[in-house]
Amino acid sequence: MAPTNRQTQNSKNDSLDIMNFGIIAAGQGSRLVQEGVALPKPLVDICGTPMIGRLIGIFTRCGAESVSVIVNEEMTEVADYLRDLSSALPCPLNLVVKTTPTSMHSFFELSSLMEGKGRYIITTVDTIFREDDFSGYVDAFRGASPEVDGMMAVTGFIDDEKPLYVATDTSGRITGFLDAMEPGIRFVSGGIYGLSQSALPVLRDCIDRGVGRMRNFQRALVAAGLNLRAYDMNKIVDVDHASDIKGAEAFLRRGE
């Protein structure tokens, strides 16, 4: 049985400062490989910087107290890059090297590093956004009341092959995560998850019950009664195909 809202209610003693960030980078990037991209996905350059390095730079400029990253066991190049990068960072870089079956399981592996640390933000490595938009999102979650259990970044730009549609009420509270568009829905998930400690029991319950996929975990959060808010981060794009690389660079350089 999933935890109830009373069981998972955010503690008033939780720190409301968002200082810990995580990156899920344990996927295989098989589509990029099939299309001739030799580098592992996290090391693909976006405007001259490996996409994982770009994310870490943004997080540190947002005041990260720590950054945690999970990569799969085959990504030796990525692990080496992160180890080299860690000495130049103003905060600890926690590296988890483990192959997982789904992104939700990767999220679970990172969750132990977020235990007892108040609010946190975890994103997938191939999520591309403007830094100013992300900084606004971080500030909004940092300033949200203690009753807010999570704030999910959403976008009205639908670029994903299998988008996860986000239903909200008039106050911006998330009421559902849907596989298909329904009337009145304006947003899809941006792959950026801002959560509090109240989400961790729900995540553990999903793992125990054999639930798979991040979208099903998000549905479990709603079913448990957590107060999740949608934050419109304008345009967010994913890098799934080789053609997406140039598109992401054009978006960042010219706002296209």
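Visitor: Is Cys 91 buried or exposed in this model?
Guide: Keep in mind that the model is predicted. The relative accessible area of Cys 91 comes out at 8%, and the cut-off for that class is under 20%. So Cys 91 counts as buried.

Visitor: Which cysteine sulfur is nearest to that of Cys 91, and how far away is it?
Guide: Cys 91 is in no disulfide. A disulfide would need the two sulfur atoms within 2.5 Å. The nearest cysteine sulfur belongs to Cys 62, at 11 Å.

Visitor: How many disulfides does the structure hold, then?
Guide: Seen from Cys 62, the closest cysteine sulfur is in Cys 91, and 11 Å is too far for a bond. Cys 62 is buried too, with a relative accessible area of 12%. The disulfide count for the structure is zero.

Visitor: Which element gives the largest share of the largest nonpolar core?
Guide: That core has 47 residues, and Ile 23, Ile 52 and Phe 134 touch the most other members. Elements giving two or more residues include β1 (20-25), α3 (51-61) and α6 (131-143). The largest share is six residues, and it comes from α3.

Visitor: Which residue just after α3 takes a positive phi?
Guide: Look just past the end of α3, where phi reaches about 85°. The residue there is Gly 63.

Conventions:
Residues are numbered from 1 along each chain as its sequence is written. This is a predicted model: local features need pLDDT of at least 70, side-chain atom pairs count only at pLDDT 80 or more; totals for chains, interfaces and linings use all residues. Side-chain values use heavy atoms; hydrogens and water are left out. A nonpolar core is a set of buried Ala, Val, Leu, Ile, Met, Phe, Trp, Tyr and Cys residues joined through side-chain atoms within 4.5 Å. Buried means under 20% relative accessible area, exposed over 50%, partly exposed in between (1.4 Å probe, protein chains only). Helices (H or I, at least four residues) and strands (E, at least two) are DSSP runs, numbered from the N terminus.
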